[in-house]
Amino acid sequence: MKKIFFLIIFLFSVSLKAFSSIPFFKTLQVDKENNNVRINVLFQDHESYIWTGTDHGLYRFDGIVFLHIPIGSSDSLENISAISEGNNHSMLIGTDKGEIFFHNKNGFTKITTPFKSPVRTLYQGRDGILWVATYGDGVFYKNSTGWQSLKGLPDNFIYSIVPHPSGVLLAGTDLGFVIIDRRNNPVSIKVYDTHKGLPDNLVREIHCEKNGLVWLGMQEGGICKFDPKTEKFIKPSNLQTWNYATISCMARLKNEFWIGTNASGIVDFEFRADNRVRTFSPANGFPYTNITDIIQSKDGNIWIAADNKLLFSPGEKYEVIPEDHHVLFDSIHAVATDVTGNIWLSNNNGLYRYNYNSSDPVKKFLTDAKYRNLHIVSLFNDESGYLWLGTFDDGLFRLDPVSGSVKRYSVKEGIRNANVISINGRGNKIWLATLGGITLCEKPENPVEEAKGKYKFTNYSDETGPGSIFVYSVYIDTKGRVWFGTDGKGITLYENGKFTNYSYFDKGKGKVVYSITEDATGNIWFSTLNYGIYCFDGKVFRNFNLTNGLKDLNISSVIHDNAGNIVVIHQRGIDVVHPVTFEWEHIGREVGIESLDCDLNAVARDYKNNIWIGSQHGLIRFINNLVATNVQPETHIQKTYAFMKPGTGLNDSIFNYNQNQISFEYIGLYFSNPEAVTYRYRLVGFSNKWLNTSDRIVTFPNLPPGIYRFEVMSSFNNQFLNPVVDHFNFEIKKPIYKETWFLSILFIVMTVTLYLFIRDREMRFRRIESLKKEKIVYQFETLKSQVNPHFLFNSFNTLIAIIEEDSSKAVNYVENLSDYFRNMIQYRDKDTVHLSEELEMVKTYYYLQQERYGNNFSIVFDIPESWKLKFCLPPLSLQLLIENAVKHNAVSHETPLKITVTAIGKNRLLIVNNLNKKLHPDKSTGIGLENLISRFKILTPDEVRVIKTEKEFKVEIPLI
Amino acid sequence: MTLIKPWQINLVACILISVSGIAFKVDEQERFFIKNSTVKFESDAPLETIKAESSELRGVIDPNNHKFGFSVSTLSFKGFNSPLQRSHFNENYLESEKYPEITFSGKIIDDIDFNTTGIYSVRAKGMLKVKGIPQERIIRSIVEVKSGAVNLKSDFEVLLSDHDIRIPRIVNQKIAPSIKVNIVAELQLQKSKRT
């Protein structure tokens, strides 16, 4: 009982929401800050962006943002009157001042023009010739020799120039319609006006069909078809008189023309099948009257420029009909179609036949009071033209639509149960799904008997047939097999007189089956309670739920379109799934379909491939096959940033090593539902793994130097089938210290430095070595000279003399002598000694020698006191020079030896002694002085100078 | 869209100058000039209906190129419900001192044969200039062609908003946003004089 209760609620849910009787329109404002931006023209470029030319400049729309694109210097005030794409997809812009701009790498560049009137159309053919329709100055074209004015036009107010498939151009003017044959030289012109059958001289819009037929939109004459071969103008039969305002624009949809007018909104003319004409104007809830442009984008959506608003509409793809001729189509419980295109529907008010194209579109049936309380929950048109009605509690009815006669079949007449939930049939068999099992009713062969309603009823209970007494749906597939959806026992197949029950699959989830259909490949699709959709190929049950495409589990029905796609109607809208790729497309709130509250199986398909859905808010007409479902959004990388600073352009693809935080902003153009777009990206060179995101910006921080390729794709359904990938190649340069050239130079420099260093060290070692050697030699020499027996002998002789004279002085002398030797031993190992120490030594020596020579030997020092501790010199060097002077010169009263030690220059000592030749000169090795010179050389670059004159011997030594 | 073509200016100038009899060099051609005319307008507002008319419409139609030009002085309108209303009309709404003329000039779009007598319903496309603000208008007229004369009748509406005529909120129940205009004119073929 619980289940029945649920089902009843499901079938009779009520909602008060109301829809408008026009297609869904979404209103967009170009500039949110400025309400006065009026849109003049619309254009979709080869990258699928939507461009709006306004009286405040040019804007590009990507589904989310209107980006203002500056074109001139005083850009924001450009009044854009024409947009088109020329050769190489370069953008062409015309303004109302007769200016033309074209887009190249550096942005927009102005082309000088010989006219000042507004540009109405820009067209560049493959030959590169640019054609311009101006409003006041006629037609101009620009070839290799410059601008040419087209001669022979009936009038200079030109509305548009359109290329015709045959190669000619068509132009509409105030005074007729013109064919321009540009293949001739000079260009020839043919004018059509009212004399030649044109209904109205003022031709504002031209549309060329691929087969060469031309549609014209006129000021007062409405639209007409023109065949260039027969030169005949034909008005559509139901638009012989045009009761609307001036046509300003036209968009050719698949089955319809949407004609924009300057005061009566949009006129929708369905030129195929029905020739239906209707308007979208304030009278039926469309708030705009002045339409300036209409285009259909590649994805099938429609864009309308209405005053200061841009309107978006899914167009003819679906519409909601809440009422017609004051009959409300609310709370529909069942829908059926017949072969003549009528729609049958039942709601709480009764049964209606609806044909929107008929002069009497809505007809009510079963008006008799006895039928007033019928709850019709299922409808079926059989091949004989009878309409079958299934009701709650009141059994089955058969209506003859022609005569209006009604036959009733209750349990008494042989049907299984009085609650007939679903009816289907083929040939002479009609199957009923009831809340008591299945009933088969077979038609008698004789039509007279059939007219009398003499059917043979066969009943199948749960034991003999479906396995459950609650049967919710019956479907006959293309092979003639009959499928039943049951409550609790899954899906049941009737084939060759035998029932096969599939009650346990997918762990028993699909036990409650509501709706059944079949795809193009013959697989059976059905909806279940709470577990989504199953696709059964005869062996495997494949499940679709919220995790793999389905948007809602509250499914009211499934039906296939005539392309074999599965259309799923549920609480949140409509899902369409491709039976081979299993790609899902969702249509929902973004186009105004929401909270449909459809009754179970209140859906039918007519012979024109419309799918009719009965909802709480009205009858929904849905045409799925208008646009290929597997078109993924076009993905464009819009901006690159380094450290969130915009890059100078997408072509600048080289970044410095310290600009290694790169961000990309991208978009997938999916105007139907921009918010549904998800993205997948990767950075080849960093990781080859695709990452999913719904963000439109991604940042890669801290990228190491290298070559990268950023790839991004988008999807409207998160499935990424046949995606369009955009990419951006870039390079992060190595820092200078990682560049090869820098490293090689660095290597060379280091090698050279190392070489020089080693060489220098080698030399220094050698020098130290030689210094050591010199020092040893010197020490030896000095020692040798100090232990010179003459010196000792002389010293002792002096000592003897002093001892006799003055013993205390002798003690002093010996002390000095021993000081002298001690100092000599102490200093000889040192490299340098202070000048004061050396002088101390010399003074000791001087004392010793003075005791011997008395006043005949004198040394005069002239050295500033400050030098004594400031400068150094090799030990015993001054001593050696003094000794040498004593050694090589005779010292006597007659020839006194005078030595002067004088500071000269900044750091030099001059030692001068007079020359007194000895009678027997001491043998001199000459090593002493030489050794001294070489010792100085090692320690200082300043040289030792030795000057020998007749009278004097001068030695100049540098101090260190 | 609101540019006035040079020929339109010339044409208007030509009409005005030729009507006021000042020298102007034109080719010796035959044209239709207005002899008698009435221009009526009516503002049908919820609280008040205002009517006024002028018989001083001047104008010319060139039968050779189907171009035309008409002009009427705003000060020439008489009627109204009170003299105060008339001065309001001239001072506040139309600024007659600044813009003394209402002009309409352009071309005839539909076929008309000025050599054949008959009644034609034709559209005239041109610039309607009220209060100095031009609006492109396509106006249908009934033209009766007789030998050497043309009778013209036309009914159309002028939106105040098209010409930046602002009605104070307090009187917007008394003045309609759209003014009905009715024109009846007799034109005669004349040679343009060389003086």
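**Sheet edges and the B–A interface**

Trainee: Over how many bridges do strand 18 and strand 19 of chain A pair?

Mentor: The model is predicted, with local features requiring pLDDT of at least 70 and side-chain atom pairs pLDDT 80 or more, whereas totals for chains, interfaces and linings use all residues. Residues are numbered from 1 along each chain as its sequence is written, and side-chain values use heavy atoms, without hydrogens or water. Strands are DSSP runs (E, at least two residues), numbered from the N terminus, and two strands pair if DSSP finds at least two bridges between them. Strand 18 and strand 19 (residues 214-218) of chain A pair in the antiparallel sense, over 5 bridges.

Trainee: Which strands of chain A stand at the edges of the sheet?

Mentor: The open sheet has 4 strands in the order 18-19-20-21, with antiparallel pairing. Two of these strands have a single partner each, so one side of each is left without a neighbour in the sheet: strand 18 (203-208) and strand 21 (232-234) of chain A.

Trainee: What area is buried between chain B and chain A?

Mentor: Buried area is the accessible area (1.4 Å probe) that two parts lose on being put together, summed over both. Carbon and sulfur atoms give 47% of a total of about 1300 Å².

Trainee: How many salt bridges does the rule find across the interface of chain B and chain A?

Mentor: A salt bridge requires a side-chain nitrogen of Lys or Arg within 4 Å of a carboxyl oxygen of Asp or Glu. One such pair is B:Arg140 and A:Glu220 (2.1 Å, N to O). Across the interface, the rule finds 6.

Terms used: Chains are lettered from A and ligands numbered from 1 in the order in which they are written.
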